[in-house]
Structure formats: C-alpha cells, structure tokens
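Here is a friendly walk through a two-chain model, with a few side chains picked out along the way. Have the viewer open as you read.

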Amino acid sequence: MNASLVNSFANIIHAATAIGLYHFLILGALLFGLGLYGLLTKRNAIAVLMCIELMLNAVNINLIAFSRFVAPAGLAGQVFAVFIITVAAAEIAVGLALVFAIVRDRLTSSLDDLDWLKW
Amino acid sequence: MSELITLLGQSANDIVYAAWFYFLAAIVLAAACGVVFKRNLVHSALLLAVSFAGVAGLYILLEADFLAAVQLLVYSGAVAVIIVIGVMLTQREAGAMPVSSPSNRLRLPAALVALFLTGLAVWTVLATPWQAAAGPAPESAPAIAQSLLTDFVVAFEAAAILLLVAMIGAIILARGKEANKTA
C-alpha cells in the first residue's frame with residue numbers, strides 16, 4: 001500500500017519534471033485560448049491586435065516544440081516559425097496603419113463604433 | 001534528496017530544466033493574462049513585451065537560439081514598441097487611459113468558446129501518440145539559412161515581397177486621404 005502510493009507519487013513527479021513535447025503543446029494551447037478570449041472580448045482595436053500577436057506566439061511555440069521533439073532533422077518547424085514572425089510583423093504594421101486611418105477619420109478606436117456595414 | 005532523485009530516475013539537469021520551464025511558462029501565462037484582463041491599454045502593451053521575452057526564453061529551452069534572438073529583436077523590440085506608439089497616437093482624451101481597454105458584452109460566450117477550444121486542444125495533445133524522434137538537432141542558424149535558400153526559397157522571396165507591400169501599404173494608409181491627394 002505504502003510502496004504503491006510512493007510509486008504513483010513518484011510517477012506524477014516524473015511526469016511533471018520530465019519536460020517533453022506535451023508540456024510545450026499544452027502551454028501553447030493555454031496561450032492560444034487566452035489570446036482567443038481577448039480577441040473576442042476586447043473593444044479597443046489595438047488590444048485586439050495584441051491578442052492576435054499572443055495567438056501567433058502560441059503557434060510558434062507549438063511549431064518549435066515539434067521541430068525539437070518530433071522532426072529535429074531539417075528544422076522545418078523553425079523555418080515555419082520564421083515565416084510566421086514575418087507575417088506577424090507585416091500584419092501589425094498594416095493593422096496599426098488601418099487603426100490610425102480610422103482614428104483620423106472617425107475619432108474612435110473602439111470596434112463597437114465601427115459598424116457602418118450593418119443595415 | 002539524492003535518494004529522491006534516484007527514485008525519480010532523473011538527473012539534476014532534468015530538474016533544473018523543469019524548473020526553468022515552469023518559471024518561464026508562469027511568466028508567459030501571467031503576462032498574457034495581464035494583456036487580456038487589464039483595462040489599461042499601456043499596461044497591456046508593456047505586459048505583452050514581458051510575455052514575448054518569456055517566449056524567447058522558452059525558445060532557448062527548445063534549443064532554437066536563432067529564433068530566440070529573432071523573438072527578442074522583432075517581438076519584444078519592434079512589435080512592442082510599435083504597439084506602444086500606436087497606443088500613444090490613438091488615445092486622445094486626457095485621463096481616459098485607465099479605462100482605455102474595456103471588454104464588450106460577449107464575455108461569457110467568449111469565455112465558453114475559448115475554454116471549449118482550449119480543452120479540445122489539450123485533449124487532442126494528450127490523446128495523440130506523438131512519434132518522438134530522437135536525434136541530434138543541427139545547429140540552428142546555419143541550418144535555417146540553408147533551408148531558407150534551398151527548399152523554401154520561393155516562400156522566402158514571397159515573404160520579401162510581402163514585407164515590401166506591407167511597408168508601402170502601411171505608409172499610404174497612415175498618411176491619410178488628404179496627404180495622398182497632394183502627393
């Protein structure tokens with residue numbers, strides 16, 4: 001009884017301290033979920049852009065974890081992450097320029113006021 | 001202590017690695033929570049830079065040293081700074097900054113959707129039998145350079161065009177209608 005208890009305890013500790021692919025993937029999932037929640041609930045356009053960056057970071061963590069643990073030979077995961085970083089930089093630049101244009105024309109950066117396409 | 005370590009069948013290195021992982025993961029997730037739940041946009045922007053730096057630390061744990069440097073330069077440096085500038089240029093009312101990033105009425109459905117998707121992702125991760133490939137990873141910067149200019153050269157050129165288009169587009173959009181007319 002006592003020995004099996006110690007054994008299962010040791011197993012839990014072992015699973016928690018032997019950091020592998022699962023730990024990084026679960027961290028990525030949690031970060032993605034947080035970013036998604038912010039994306040859906042924020043009113044300010046810049047806050048929404050920040051949450052998109054969080055989600056892209058979560059994806060990058062996943063890709064690099066795959067590159068490290070599943071396919072370490074060609075580093076394809078890291079190359080994908082380079083492209084995601086490129087696209088994220090382009091996205092934040094164009095997104096902020098759009099926000100600037102809207103603020104200049106409409107004097108607001110609140111997404112709830114941007115409903116001109118509603119009928 | 002040494003009996004415990006032998007019982008776990010792990011070296012002290014593994015435990016140090018695990019400690020670093022949990023430390024960095026806690027920083028990343030706590031800063032991300034701050035980004036999402038803070039109502040002050042400036043606090044969100046600064047916590048975003050902290051979160052990016054934590055992710056760079058995780059990249060070092062994953063032996064991706066080149067990407068860790070890129071993460072620090074591009075995200076913690078450029079993106080965080082450009083977002084802070086964006087906040088500065090778009091918040092006009094004096095004294096409105098503490099409530100500059102409110103949440104909308106969709107909090108409950110958004111929480112349900114995010115929780116559902118996160119649960120689904122975690123369940124998928126745990127249920128999938130990943131094929132771990134043990135092998136020495138090549139040194140990251142030369143290997144990335146090699147594949148960027150051989151296997152991924154078309155995507156590399158497309159990314160270059162994308163950056164040029166994004167730069168021109170951002171300038172034209174940010175200049176506004178009147179300035180573009182006179183130019």
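## A threonine at the end of a contact

Let's begin with one side chain in this predicted model. A polar atom in the side chain of Thr90(B) sits 2.8 Å from the backbone oxygen of Gly86(B). Thr90(B) belongs to helix α4 of chain B, and it is buried, with a relative accessibility of 7%.

What is Thr90(B) in contact with, once its neighbours within four places in sequence are left aside? The list consists of Ile46(A), Val99(A), Phe100(A) and Val103(A).

## Where the two chains meet

On the chain B side, 90 residues are in contact with 76 residues of chain A. The size of an interface is often given as the accessible area lost when the parts come together. For chain B and chain A that buried area is about 7100 Å², and carbon and sulfur atoms give 76% of it. Val36(B), Leu62(B) and Tyr75(B) together supply 9% of the area that chain B buries against chain A, more than any other three residues.

Specific polar pairings can be counted here too. Between chain B and chain A there are 6 residue pairs in polar contact, both residues being at pLDDT 80 or more. The elements of chain B that give two or more residues to the side touching chain A are α1 (2–8), α2 (12–37), α3 (41–61), α4 (65–90), α5 (107–127), α6 (140–148) and α7 (153–175). Sorted by class, that side of chain B has 63 nonpolar, 18 polar and 9 charged residues.

## Two salt bridges

Side chains of opposite charge can pair when their charged atoms come close. How many salt bridges does the structure hold over all chains? The count is 2.

One of them pairs Arg43(A) with Asp112(A), with the closest N and O atoms 2.7 Å apart. This pair links distant parts of the chain: Arg43(A) is in the loop between α2 (21–41) and α3 (45–69) of chain A, while Asp112(A) is in the segment after α4 (76–106), 69 residues apart. Arg43(A) is partly exposed at 24% relative accessible area, and Asp112(A) is also partly exposed, at 30%.

Between chain B and chain A the count is 1 salt bridge. There, the side chains of Glu63(B) and Arg68(A) meet with an N to O distance of 3.3 Å. Glu63(B) lies in the loop between α3 and α4 of chain B and Arg68(A) in helix α3 of chain A, so this pair joins two chains. Glu63(B) is partly exposed, with a relative accessible area of 44%, and Arg68(A) counts as partly exposed at 24%.

A disulfide is a covalent bond between the sulfur atoms of two cysteines. The count over all chains is 0 disulfides. Cys51(A) is in no disulfide, and the nearest cysteine sulfur, in Cys33(B), is 11 Å away.

## Two serines of chain B

Is Ser44(B) buried or exposed? Ser44(B) is buried, with a relative accessible area of 1%, and its place is in helix α3 of chain B. A polar atom of the Ser44(B) side chain lies 3.1 Å from the backbone oxygen of Val35(B). Not counting residues up to four places away in sequence, Ser44(B) touches Met50(A), Gly34(B), Val35(B) and Lys38(B).

Ser11(B) is found in the loop between α1 and α2 of chain B. Ser11(B) is partly exposed, at 37% relative accessible area.

How values were computed
Residues numbered from 1 in each chain as written. Chains lettered and ligands numbered in written order. Predicted model: local features only at pLDDT ≥ 70, side-chain atom pairs only at ≥ 80, totals over all residues. Heavy atoms only, no water. Contact = heavy atoms within 4.5 Å. Buried area = accessible area lost by both parts, 1.4 Å probe. Salt bridge = Lys/Arg side-chain N within 4 Å of Asp/Glu carboxyl O. Polar contact = N/O pair within 3.5 Å; in protein donor to acceptor, adjacent residues only side chain to side chain. Helix = DSSP H or I, 4+ residues; strand = E, 2+ residues; numbered from the N terminus. Nonpolar A, V, L, I, M, F, W, Y, C, P; charged D, E, K, R; others polar. Disulfide = S-S within 2.5 Å. Buried < 20%, exposed > 50% of the residue type's maximum accessible area, 1.4 Å probe, protein only.
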